[in-house]
Amino acid sequence: MKAVFTTPERSFEPMVMFFGLTNSLATFQMMMKKISQNLINTGEMVRFINDIIIGIEKEEEHEVVEEVIKRLAENNLYIKLEKCKWKVREVGFLGVIIRPERIKMKEEKVKEVLDWLTPR
């Protein structure tokens with residue numbers, strides 16, 4: 001999945017994926033699946049393309065977070081710390097709010113449905 005360009009001076013490897021490349025999204029998704037397979041099967045991690053949620057009940061269980069970061073680094077993938085949320089009790093993901101006790105739709109999504117006009 002690497003895209004390397006060679007110039008007379010040096011080789012250049014971009015830090016971000018070019019989404020204009022054929023099948024790059026599907027290739028990236030397959031790579032993420034391979035990297036995280038046994039973590040997803042345990043229910044400790046959820047991912048969708050490049051969004052990752054790691055759910056732990058206690059801070060002492062931080063080994064899962066360390067393992068995810070390690071696997072990403074081993075595959076030359078990096079996280080942006082400014083986009084990370086730490087120690088939260090709820091998180092928005094793909095149009096829903098995920099909490100330890102339940103999952104619910106985002107209020108603005110429900111409001112749109114409730115505000116639909118009745119057909120005549």
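**Charged side chains in a predicted model**

At 45% relative accessibility, D115 counts as partly exposed, and in this predicted model its side chain meets that of K111 in a salt bridge, with 2.6 Å from N to O. K111 is likewise partly exposed, because its relative accessible area is 49%.

Behind this pair stands a protein chain with three helices and seven strands, which run along the sequence in the pattern β-β-α-β-β-α-β-β-β-α. Of its 120 residues, 17% count as buried, while the chain exposes about 10,200 Å², of which carbon and sulfur atoms supply 57%. Among contacts between residues at least 6 apart in sequence, 28% join residues at least 24 apart.

The whole structure holds six salt bridges, and a network of them links E67, K70, R71 and E74. Within helix α2, R71 and E67 lie four residues apart, about one turn of the helix, and their closest N and O atoms are 2.7 Å apart; R71 is buried at a relative accessible area of 15%, whereas E67, at 23%, is partly exposed. E74 and K70 have the spacing of four residues in helix α2 too, with their closest N and O atoms 3.9 Å apart. Here E74 is exposed at 53%, and K70 is partly exposed at 41%.

A negative surface patch is formed by E57, E60, E61, E63 and E66. One of these residues, E61, sits in the loop between β4 (51-54) and α2 (63-74), and E61 counts as partly exposed because its relative accessibility is 31%.

Conventions:
Residues are numbered from 1 along each chain as its sequence is written. This is a predicted model: local features need pLDDT of at least 70, side-chain atom pairs count only at pLDDT 80 or more; totals for chains, interfaces and linings use all residues. Side-chain values use heavy atoms; hydrogens and water are left out. Patches are made of residues with over 30% relative accessible area and no salt bridge: like charges are joined within 9 Å, nonpolar side chains (Val, Leu, Ile, Met, Phe, Trp, Tyr) within 5 Å. Accessible areas come from the Shrake-Rupley method with a 1.4 Å probe; for residues, only the protein chains shown count as cover. A salt bridge is a side-chain nitrogen of Lys or Arg within 4 Å of a carboxyl oxygen of Asp or Glu. Lys and Arg count as positive and Asp and Glu as negative; His and the chain ends are not counted. The place of a charge is taken as NZ of Lys, CZ of Arg, CG of Asp or CD of Glu. Helices (H or I, at least four residues) and strands (E, at least two) are DSSP runs, numbered from the N terminus. Buried means under 20% relative accessible area, exposed over 50%, partly exposed in between (1.4 Å probe, protein chains only). Contact means heavy atoms within 4.5 Å.
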